[in-house]
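Subject: Structure handover and findings

Hello,

Here is the structure I promised to pass on. Please open it alongside this note; my findings follow below.

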Amino acid sequence: MLKQLLKPLFIVILLPIVFTSCKSVSGATTKSSAHLAEKIINSATENIGVPYKAAGTTKAGFDCSGLVFTTFNQFDIKLPRSSSEQAKIGIDLGKNISKAQKGDLIFFKTNNRSQINHVGIIVETKDDELQFIHASTSRGVIISSTKEAYYERTFSQVNRILP
């Protein structure tokens, strides 16, 4: 008889604890993702000024996907090596700038190409502008903006990689 009384009491006590713990875990995930995004951005910005080098993945020189590949790899996030393959990873947010967050990847179709051939990491979001770090063929690793005519014209999509 005592067992029959304790079982409902146990369930009544246990359920609120389980639901409360689920709630705090999701909040922690959001905070940890934002913290990880900041760490990724800090790591990438340490490379500002490094020259462009085709197929480069080191401080001797980076290409755009090499910068992204190497930066994320430092945090045990494995991405493909090419920008076109990186564009297939994560959640495709399309061209919706308002959904973009720091640490998301931003993709471009440059030089009148029909497929994605350039990538950067979003470092700042504003109402109608994204700032991103990338390896430019002419200027090396720099921060640019979607407000610049060239990038505004060639912008293709944003992908969420971090949880």
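In which loop is K99 found? K99 is in the loop between β3 and β4. Its contacts, not counting residues up to four places away in sequence, are L93, D104 and R160. Contact here means heavy atoms within 4.5 Å. K99 and T125 are 26 residues apart along the chain, and their C-alpha atoms are separated by 9.4 Å.

Some ground rules. This is a predicted model, where local features need pLDDT of at least 70, side-chain atom pairs count only at pLDDT 80 or more, and totals for chains, interfaces and linings use all residues. Residues are numbered from 1 along each chain as its sequence is written, and side-chain values use heavy atoms, with hydrogens and water left out. Helices (H or I, at least four residues) and strands (E, at least two) are DSSP runs, numbered from the N terminus.

The sheet

Six strands form an open sheet with antiparallel pairing, in the order β3-β8-β4-β5-β6-β7. Strands pair if DSSP finds at least two bridges between them. The edges are β3 (91-92) and β7 (140-145), each of which pairs on one side only. β3 pairs with β8 (residues 155-160) over two bridges, in the antiparallel sense. There, D92 stands opposite N159 of β8. Helix α2 packs on the sheet and touches β4, β5, β6 and β7. The direction of α2 makes about 65° with that of β5; axes are lines fitted to C-alpha atoms, for helices over the stretch in contact, and angles run from 0 to 180 degrees between N-to-C directions.

Now β5. Four bridges link β4 (residues 105-108) to β5 (residues 118-126), again antiparallel. F107 has V119 in β5 as its bridge partner. β5 and β6 (residues 129-136) run antiparallel and are joined by five bridges. K126 has its bridge partner, E129, in β6. A hairpin of two residues connects β5 to β6.

The cores

The largest nonpolar core has 24 residues. F72, L105 and I121 have the most contacts inside it. A nonpolar core is a set of buried Ala, Val, Leu, Ile, Met, Phe, Trp, Tyr and Cys residues joined through side-chain atoms within 4.5 Å. Two or more residues of this core come from each of α1 (2-45), α2, β4, β5 and β6. Another core, of eleven residues, lies apart from it and includes I106, I122, Y151 and F155. In soluble globular proteins, nonpolar side chains tend to be buried together. Not counting residues up to four places away in sequence, L105 touches residues including V68, F72, L79 and I121.

Is D63 buried or exposed? D63 counts as buried because its relative accessibility is 11%; buried means under 20% relative accessible area, exposed over 50%, partly exposed in between (1.4 Å probe, protein chains only). D63 lies in the loop between β2 (61-62) and α2 (64-73). Its side chain reaches the backbone nitrogen of A55 at 3.1 Å. The side chains of D63 and R81 make a polar contact of 3.1 Å. A polar contact is a pair of N or O atoms within 3.5 Å; within protein, one must be able to donate a hydrogen and the other to accept it, and residues adjacent in sequence count only if both atoms are side-chain atoms.

G56 sits in the loop between α1 and β1 (57-58). G56 is buried too, at 5% relative accessible area. Its contacts, not counting residues up to four places away in sequence, are G61, F62, D63, G66 and R81.

Best wishes
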